[in-house]
Every structure is written in C-alpha cells, then in structure tokens.
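Dear colleague,

Please find a protein structure below for your study. I would be grateful if you read the notes that follow alongside it.

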Amino acid sequence: MNATNSYEDLRDPDIHSQLLDHIGRHEPTVQAWAWFERDALARTLKELKARAQEGSLSGLAVGIKDIIDVAGMPTGNGVTQNAPLPCADADADCVALLREAGAIPVGKTVTAEMAYAHPGPTSNPWNPAHTPGGSSSGSAAAVACRMVEAALGTQTGGSIIRPAAYCGTVGFKPTYGLVPMKGVTGVSQRLDTLGWFTTNVKLADRIAQVLLPHQPAPSPIMIDGLRVARVDALHAGPNAETVSEMDMACTRLTENSANLSLLSIEDEWNTLTTAHKIIMFYEMARSIQTTHAANWSRFSTTLRATCEQGAGISTADYHLALSTARSSEARLLHALQDTDVILTPSAKGAAPRGLKSTGESTFNRIWTLLGWPAIHLPTAQSPEGLPLGVQLIGKPGADRQLLLNADQIHQCIDRRTVQIHVI
C-alpha cells in the first residue's frame, strides 16, 4: 500500500484492493492477524458506502487486538483452541465508537496468550528474527508495515508502549479508566487500559477525539518554553543506544528553547515496580482462574505459574500495594507540579533477537500502575536497522494535551531516514 495515500482513500475500491494485496503479500512473514477474511472486509466496505457515512474517521482501516470483541468475528485471546470459536454478537464499546465515527475494523490482530507473556506467531516487520514485543504484537506489527494505519491494543504492564518501540510506530496509552472496557477480556481490573497504535501522532489524536470525547481541548503550545523532565531510570539498565537516543532528544529540545530538567525517582520507581507486580499477579490469578477455568489445561506453563503465584498473594498485601501506589502518585505529582511532560525510555533497547520472549516491560510498568497517559515516539534506527525512540508521560486526565505536546516534540526529535519498512 502506497504510504502517501491518506486513510480516507480506503473508501476507493482501488485502494481497498491495494490494502488487501498488501496484507496478502506481507502476512505470511509478519503473521500479524489472528483472524482476517477478505469477504468480511468487502461486506463491511459495501455497507459503509451504502450508508454514505462521513464520520471523523470515515474510511480508516483498524486492526483490533484479539481480546476485544468485534461483532461477527471470534475472540481467541491468544489461546490455543481445539475447535473454531463462535463469533461475538456485539462490538466492544470502544469498537462501537470507532464504527460510529466511520472506521472499519478489518480483522483481529495477534495477542500474546491472555494478553500476558506467552507470545503468538507474529514477527518484527523490520527483522523477522526479532520480537515485535507484546502482548499487542499483531497490532503494532500490522501498523508498522502499513497493513492498517491504526490498531487497538491494551496495556497491563507494557503491552502498548513496548511493541510500539520495537516495531517503530506511535503507541498511545490513555489515562487509566477513560476508555470503556466493556467487551474487552479482563486481565487486571486495576491496570488494564485500552490504547492504540498509529502511523503518526496526529492520527492518534483523531482517534482520541472519538474514544475520549469528554477530554478538554488542549492549550496551544510550542517547544519554546515547554517544561520537560528527563527521567533516565538508570537502575533499570537502559542500553547505550537508548541513553544516546535520550541524549539526542534532549539536545534537540534544548536547541529549540525547551526547559529541560533532570528528575531522579529511583527509589519511587522500585517501590512502584514491586507494587505493580503484586497487584497484577493478584488480579490475574482471580480473573483468569475464575472466568477462564475451562481453558486452564490449554494455558502455557508460564501463565499457569503466574496465576499460581498470584493466588498465593494475600488480600492484605494486595491492599497495601494499592495504598503504596496512591502515596507514590501524590509525591510524584507534587514533584512534577512545574513540569509539562516527562521524557523517559520506552524500552531497554531495540527489539531483542528471538521470538520466544516479548521483551521486558521494565520502563512501562510504573506508568501503567500510576494510570498516567503515555506515548511512544519513534525517532531513529539502530545500527542494525531496528527502530529506536523515546516515551513521553503526561499528567493524569490531560491526554489530549500530551498528544499535542507529543506532536510538537516529535517534529523536533524525529530523525528517521526510513519510516516504513516491509520485509
């Protein structure tokens, strides 16, 4: 699919054919789709044209992570099945909102098993020997090689920001609780957050206007005078290429008169990381063992072991972790009262080699626990040709302000020579 085509052109039959051909050509290698049928997409497009819909996202092809219900499509949750699954009767609330705006759900993208750690078959579009990240692997990979311009994912640890970093897309995780989760398979009620992958920040904001309709309009802002706090998390061991990317971003921001400060939150980071693990494992055990007990024998040893560990966490320890998170958030908000945005690594480094692991969520978990909005910005390629980038964190509830800031910052720090890569 030609990268210069705007997504609105999908309503054109010629572009529709190009999209189908593009998916057919690259899917055998990338394996981004858990469910995709050409005939189903053709029917959807026919209905769209019959309604002459002119919504704000009209014609936008969207991939949907396979833990999110789409009417007429099965929801597999990344679990090995012995027989075909029934199709969902109704759209998840988030999918219904996209449809109302004219977007077209074209298929279900691969997820790690139960949106946790055991990977699916998806490979990284930049190098198939490397992981695309997880758990929203298929969504990130499909956007990275332009099978679709946007895709929905979820984050419980680092499942949007990390695959966005590894695959070189924009990945946006909103403030916890703002996007409705009805129709989305639950993993951890306190952490699960729906987000999306896009080819650019402006499109991410257009989707935000649909899925976050009650967000206040952002204030106009320029790089000049923007207050940016750099958080390196050196204790977490970022690779040299990640530190270099942070340095380069800071240099460019300073050259454009942004106000840079350095914030060390090493102790707070460790406290929040521990609390995140307790909360996630405790809730995973009770959610999965209760709601998905019928699949227990088909689950991986990794998922079963995590659930068993979570079942051993006491309710008292769980509530203490929740209290710890609230206290840490209050202290951090106070420390950041004169800051507009946090600049921090998205991942340890470029996508690791191998497909048996989805990588580490070390640089994402605390922001998921805090529930603050986060966005990954792709900025460069490593010497091996793999994507690199940085993460921005905004204040809770100021999602569209973060997106506006991110768009300005991305224009300043993006140094990519290749923005689209297909194998």
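The notes below cover the overall fold and then some salt bridges.

This is a predicted model, in which local features need pLDDT of at least 70 and side-chain atom pairs count only at pLDDT 80 or more, while totals for chains, interfaces and linings use all residues. Residues are numbered from 1 along each chain as its sequence is written, and side-chain values use heavy atoms, with hydrogens and water left out.

The protein contains 12 helices and 11 strands (DSSP runs numbered from the N terminus: H or I of at least four residues for helices, E of at least two for strands). Its C-alpha atoms fill a box of roughly 55 × 50 × 40 Å along the principal axes. Of the 423 residues, 57% are buried (under 20% relative accessible area; exposed is over 50% and partly exposed in between, with a 1.4 Å probe and protein chains only).

There are 10 salt bridges, each a side-chain nitrogen of Lys or Arg within 4 Å of a carboxyl oxygen of Asp or Glu. One of them joins Asp-66 and Lys-108, with N to O at 3.1 Å. Asp-66 lies in the loop between β2 (61–65) and α3 (93–100) and Lys-108 in strand β3 (residues 104–109), so this pair ties together parts 42 residues apart in sequence. Asp-66 is buried at 7% relative accessible area, and Lys-108 is buried at 0%.

Another salt bridge links Arg-227 with Asp-340, the closest N and O atoms being 2.9 Å apart. Arg-227 is partly exposed at 32%, and Asp-340 is partly exposed at 22%.

Yours sincerely
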